[in-house]
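The paragraphs after it are meant to be read with the structure open.

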Amino acid sequence: MKDQDTSNLSWDEFDEMRDPRPATNDFDAVVERAITRRGFLGGALAFGSAATVFGSAMLTSSRAQAAAHGGFGFEPIDIATDFDIHVPEGYEWKTLVRWGDALWTEADGAYDAETGVSPAMSDKVFGENTDGMETFFVDGKELIAVNSEYVNPKINLPAASDGTPQNADEVMLLKNLQGVTVMEVAQNGGTYEVVKDSPYNRRITHETQMTMDGPAAGHALVQTNADPEGMSPKGTMNNCGSGKTLWGTYLTCEENFNGYFGATGGYDETDGLSRYGIGGEGRYAYEKFDPRYDLTAEPNEPNRHGWITEIDPTDPESTPVKHTALGRFKHENAEMVQAADGRVVVYMGDDERGEFIYRYVSNGTYAEGGSTEGLLSDGQLYVAKFNDDMTGEWIALTPEATGMSLEETLVFSRMAASAVGATSMDRPEWIAANPLKAEAYCALTNNSKRGGDAMPVNAANPRETNEYGQIVRWVPAGDDHGADTFAWDLYVMAGNPQVYDNAYGGSENVTDGNMFNSPDGMAFDSKGMLWIQTDGDDSNEGDFAGQGNNQMLVGNTETGEIARFLTAPNGAEVTGLCWNEDNTVAFVGIQHPGGSWPDGNGKPRSSIIQVWRTDGAPVG
């Protein structure tokens with residue numbers, strides 16, 4: 001019997017219970033001192049030479065004027081509080097695939113509205129809680145690789161009254177509903193559907209055999225009884241955000257892996273385990289039925305998770321690779337760009353309160369059609385430091401700087417980043433790089449623990465609990481992502497101008513017509529517009545009155561204007577976004593919806609939807 005029911009906790013609440021963080025944050029002090037030096041522009045800072053100052057003459061609560069001024073190809077929509085999807089006039093949507101839908105004909109009918117999916121068919125259907133995804137175009141075929149972040153045991157295990165698996169078969173079902181799906185999609189009658197039995201279709205789960213590369217591969221820290229060589233881990237788990245390599249492979253990001261491990265007996269409570277929130281009982285009772293997840297039997301198994309894992313969606317027989325050179329932490333996503341000299345650069349956020357923003361730079365260079373050998377296994381990992389004068393630097397996590405071996409630095413990247421004095425942040429989530437110029441954005445989703453003497457409010461975080469969040473951006477020196485220094489500002493601070501007429505109302509580019517809270521997923525389209533997805537409070541009351549359900553918005557990064565494009569069913573997070581080859585269809589993830597969406601009866605089912613313009617023009 002668990003001392004506390006964790007099944008209904010968010011991952012943030014679970015981490016706070018397991019690993020409470022001190023109520024301090026370096027970035028607060030940095031921004032407060034920067035504001036003192038540079039001034040505060042309606043709640044947001046802006047590059048004087050790179051962006052228009054967010055003046056009241058430009059920013060308005062009128063949705064129609066926002067569309068006209070911002071270059072948006074749609075009329076922004078109002079909030080919604082119901083259990084449905086809403087898109088602008090002139091757009092339509094349809095479900096592409098739902099949890100439990102068959103990927104192979106042998107699984108037709110596997111999903112039952114009352115009982116869900118049987119363990120025998122659980123690796124033949126689309127997984128739970130869709131998250132990050134990317135599209136790939138191969139020999140005239142269209143593929144989507146998509147994460148299934150976690151499960152909802154009380155929904156997925158209807159026979160278990162408290163949602164806790166009672167046997168190994170139920171544990172296997174939960175394992176199979178998570179991980180990654182690769183599937184072919186094709187248009188049929190004007191809309192897309194999954195191509196069942198496509199040779200590209202593949203499920204990658206907690207049981208899939210993988211390999212490791214980079215400096216930490218084979219090290220004693222990743223060796224286990226089952227794999228004494230430390231080179232053959234099994235499974236990828238809690239796959240949150242995603243990325244796409246320059247050479248056309250998929251990067252899946254292992255985030256809250258800590259919750260899958262527990263102990264059936266005694267174990268050594270090391271600093272490495274505690275810093276990653278690992279110990280006690282797991283969320284899904286894996287450790288009771290599989291010794292791989294039992295710290296008593298396999299204390300090093302957690303060190304084999306928390307990596308960026310590369311998957312080749314074009315080859316179902318390929319072995320996924322965990323890249324240790326990119327560091328181990330709670331990866332939100334992986335945004336790959338290229339330095340001026342051809343080196344590969346990957347930006348990454350560690351999604352937990354008080355953690356860091358990282359960058360990896362390869363030693364080798366990439367050219368289209370050339371070798372990719374070593375590009376994600378031989379390079380340097382850096383962590384960001386934000387300075388008071390709105391400049392920043394990337395600090396190399398070397399043994400000399402950290403006082404740790406290279407292998408320890410990679411396995412325990414959080415501890416290495418702390419050792420070099422990196423700037424702790426408010427839950428760094430998705431990072432998106434502008435395809436039209438050298439700049440990057442990171443969603444700092446929220447920090448529910450702000451307030452009091454230890455964490456005073458300031459202009460960048462002007463509420464005692466910062467439930468709204470903000471987006472920070474940086475421009476690398478010389479417009480080169482390979483540069484070791486950058487300038488930074490805040491693109492937007494979310495807030496509620498209907499409730500507050502002070503800094504709690506957000507920056508001036510937040511209006512009655514576009515307000516939101518908790519920015520999370522982000523992606524740029526080919527026109528350089530920033531799409532923002534939210535995962536926050538959808539109670540529509542108190543501080544969140546008038547904000548409605550979670551949503552997807554579009555931001556013009558030149559003017560600062562933001563317009564609401566889509567609203568999700570109540571209870572859902574909007575997460576994951578990609579487009580078809582000509583950008584006329586957007587694929588959008590809807591995670592953990594409430595009610596009985598999308599079927600209208602039975603269980604709620606996380607899904608991917610497709611959205612398109614009725615005139616056939618590009619979305620947005």
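This is a predicted model: local features need pLDDT of at least 70, side-chain atom pairs count only at pLDDT 80 or more; totals for chains, interfaces and linings use all residues.

Residues are numbered from 1 along each chain as its sequence is written, and side-chain values use heavy atoms, with hydrogens and water left out.

The protein chain holds 10 helices and 29 strands, where helices (H or I, at least four residues) and strands (E, at least two) are DSSP runs numbered from the N terminus. Of its 620 residues, 61% are buried; buried means under 20% relative accessible area, exposed over 50%, and partly exposed in between, with a 1.4 Å probe and protein chains only. Among contacts (heavy atoms within 4.5 Å) between residues at least 6 apart in sequence, 64% join residues at least 24 apart.

A nonpolar core is a set of buried Ala, Val, Leu, Ile, Met, Phe, Trp, Tyr and Cys residues joined through side-chain atoms within 4.5 Å. The largest such core has 63 residues, and those with the most contacts inside it are Val346, Met348, Tyr358 and Val383. Among the elements that give two or more residues to this core are the strands β12 (331-338), β13 (343-350), β15 (357-365) and β16, together with the helices α9 (406-411) and α10 (413-419). Val383 touches, among others, Phe356, Ile357, Tyr358, Trp394, Ile395 and Ala417, when residues up to four places away in sequence are not counted.

Tyr358 leads on to the aromatic pairs. Rings of Phe, Tyr and Trp (its six-membered ring) pair if their centres lie within 6.5 Å, with planes under 30 degrees apart counted as stacked, over 60 as edge-to-face and the rest as tilted. By this rule the count comes to 29 aromatic pairs. The rings of Phe329 and Tyr358 are stacked, because their centres are 4.1 Å apart and their planes stand at 15°. Phe329 lies in the loop between β11 (321-323) and β12, while Tyr358 belongs to strand β15, so this pair ties together parts that are 29 residues apart in sequence. Both Phe329 and Tyr358 are buried.

A pair of another geometry is formed by Trp531 and Trp579, which is edge-to-face with 6.1 Å centre to centre and 70° between the planes. Since Trp531 lies in strand β24 (residues 530-534) and Trp579 in strand β27 (residues 573-579), the pair ties together parts that are 48 residues apart in sequence. Trp531 counts as buried at 1% relative accessibility, and Trp579 counts as buried at 11%.

The largest share of the lining, 5 residues, comes from β12.

Where does Gln610 lie? Gln610 is in strand β29 (residues 607-613), and with a relative accessible area of 1% it is buried. Gln610 and Val97 are 513 residues apart in sequence, yet 9.4 Å apart in space, C-alpha to C-alpha. Among the residues that Gln610 touches are Trp93, Thr95, Leu96, Tyr192 and Val585, again leaving out residues up to four places away in sequence.

Some backbone details remain. A cis peptide bond, with omega about 0°, joins Trp597 and Pro598, and Pro598 is found in the loop between β28 (585-591) and β29. Met390, although not a glycine, has a positive phi of about 65°; Met390 sits in the loop between β16 and β17 and counts as buried at 7% relative accessibility. Arg427 likewise is not a glycine but has a positive phi of about 50°, and its place is in the loop between β18 (425-426) and β19.
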